[in-house]
Structure formats: C-alpha cells, structure tokens
Amino acid sequence: MPHGPDDRPNRPFTLVVCGSCRGESDGDEVMESLRKAVQGSSHGVLVSTGCLGKLLDCRRRHGLYAAVQPCAADRRPSGPVARLGPIATVADAEALSAWLRRGMPDDDTLPGRLRAVLSPAGAAHLN
C-alpha cells in the first residue's frame, strides 16, 4: 500500500455512512472510530447521509451501514462500490478502518460480517 509523505495511507476513498439507521448499535462510538480512520488517511472523505435503503438492505440488522468507493484525488470514482454493514461495534469499525488503511484490497481481509447485502430495490429484476 503506497503511503504519503507523512506515512498515512494515500489511496483516496469516499466513505458514505447512513446517519439515520443506527438502531441499537454503539452508534456514536462507531462513528467516532470511522472519523478517526478517515482523518488518518491522506485522501479519505467521510459523508454522513440519510438512509441508504435503496443501495443497502439496512433494515435486516441493527448497526451503521455504509458504502465506500475508491477514487482519484480529485474524487472521480476509480473502482466499484463496497457495501458495508452492519457496523455495530467499535471492533467492527476498527476492522473496517484496518481494511481502509490497507487500501481496500479485494482479498477477503474485510470480515464477511461487514459486507452488506444489496437492497432488493437495487437489484436487477429478472422476468
């Protein structure tokens, strides 16, 4: 993983977190952990938004849901969106943070429990 001059990971990403579906998770502590992960990156951006229900099946289990997309430093997307959640505990947020620091590799280092299910509304319909 390339690092910037201050030894922070420099693979840009945009992390979009649903701010309305926290449920019974450790929501505030989890958000703070995610903020620290983004602050620890050279080009990470954290966006808190309303429900991501059209992208994620976030009503199944309690916790924060998010989507992250690698991008260029000018914010142009450079890879596929990863759907995340539920992120219910600080340990979940720390596992996600470690994955972000490693550059979001597609090597199963992100625990399966943190990979969210696609919303039925977002899935293609077959005849």
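Of the 127 residues in the protein chain, 39% are buried. Keep in mind that you're looking at a predicted model.

**Exercise 1.** Find out how many helices and strands the protein chain has, and in what order the elements run from the N terminus.

*Solution.* 
- Step 1: The pattern comes out as β-α-β-β-β-α.
- Step 2: In the protein chain, 67% of them are between residues 24 or more positions apart.

**Exercise 2.** Track down the largest nonpolar core and work out which elements give two or more residues to it.

*Solution.* 
- Step 1: collect the residues. This core has 21 of them, and those with the most contacts inside it are L15, L34, V68, L84, I87, L96 and W99.
- Step 2: assign them to elements. Two or more residues come from each of β1 (13-18), α1 (27-39), β3 (64-70), β4 (82-87) and α2 (90-101).
- Step 3: see who gives the largest share. That's α2, with five residues.
- Step 4: zoom in on L84. Setting aside residues up to four places away in sequence, L84 touches several others, including L15, V68, L96 and W99.

**Exercise 3.** Decide how α1 and α2 are arranged: roughly parallel or roughly antiparallel?

*Solution.* 
- Step 1: get the geometry. The axes of the two helices, α1 and α2, come within 8 Å and cross at roughly 15 degrees.
- Step 2: compare with the cut-off. Angles under 35 degrees count as roughly parallel, so α1 and α2 are roughly parallel to each other.
- Step 3: The crossing of α1 and α2 is right-handed.
- Step 4: list who meets whom. From α1 you have E29, V30, S33, L34 and A37, and they meet V90, A93, E94, L96 and S97 of α2.
- Step 5: sort the residues of this contact. They divide into six nonpolar, two polar and two charged.

**Exercise 4.** Is S33 buried or exposed?

*Solution.* 
- Step 1: locate the residue. S33 sits in helix α1.
- Step 2: check its relative accessible area, which is 12%.
- Step 3: apply the cut-off. Buried means under 20%, so S33 is buried.
- Step 4: look around. Ignoring neighbours within four places in sequence, S33 is in contact with V90, A93, E94 and S97.

Note on methods:
Residues are numbered from 1 along each chain as its sequence is written. This is a predicted model: local features need pLDDT of at least 70, side-chain atom pairs count only at pLDDT 80 or more; totals for chains, interfaces and linings use all residues. Side-chain values use heavy atoms; hydrogens and water are left out. A nonpolar core is a set of buried Ala, Val, Leu, Ile, Met, Phe, Trp, Tyr and Cys residues joined through side-chain atoms within 4.5 Å. Buried means under 20% relative accessible area, exposed over 50%, partly exposed in between (1.4 Å probe, protein chains only). Helices (H or I, at least four residues) and strands (E, at least two) are DSSP runs, numbered from the N terminus. Contact means heavy atoms within 4.5 Å. Axes are lines fitted to C-alpha atoms, for helices over the stretch in contact, and angles run from 0 to 180 degrees between N-to-C directions. Angles under 35 degrees count as roughly parallel, over 145 as roughly antiparallel, 65 to 115 as roughly perpendicular and the rest as oblique. A crossing is left-handed if the near helix is turned anticlockwise from the far one by less than a right angle, and right-handed if clockwise. Ala, Val, Leu, Ile, Met, Phe, Trp, Tyr, Cys and Pro count as nonpolar, Asp, Glu, Lys and Arg as charged, and the others, Gly among them, as polar.
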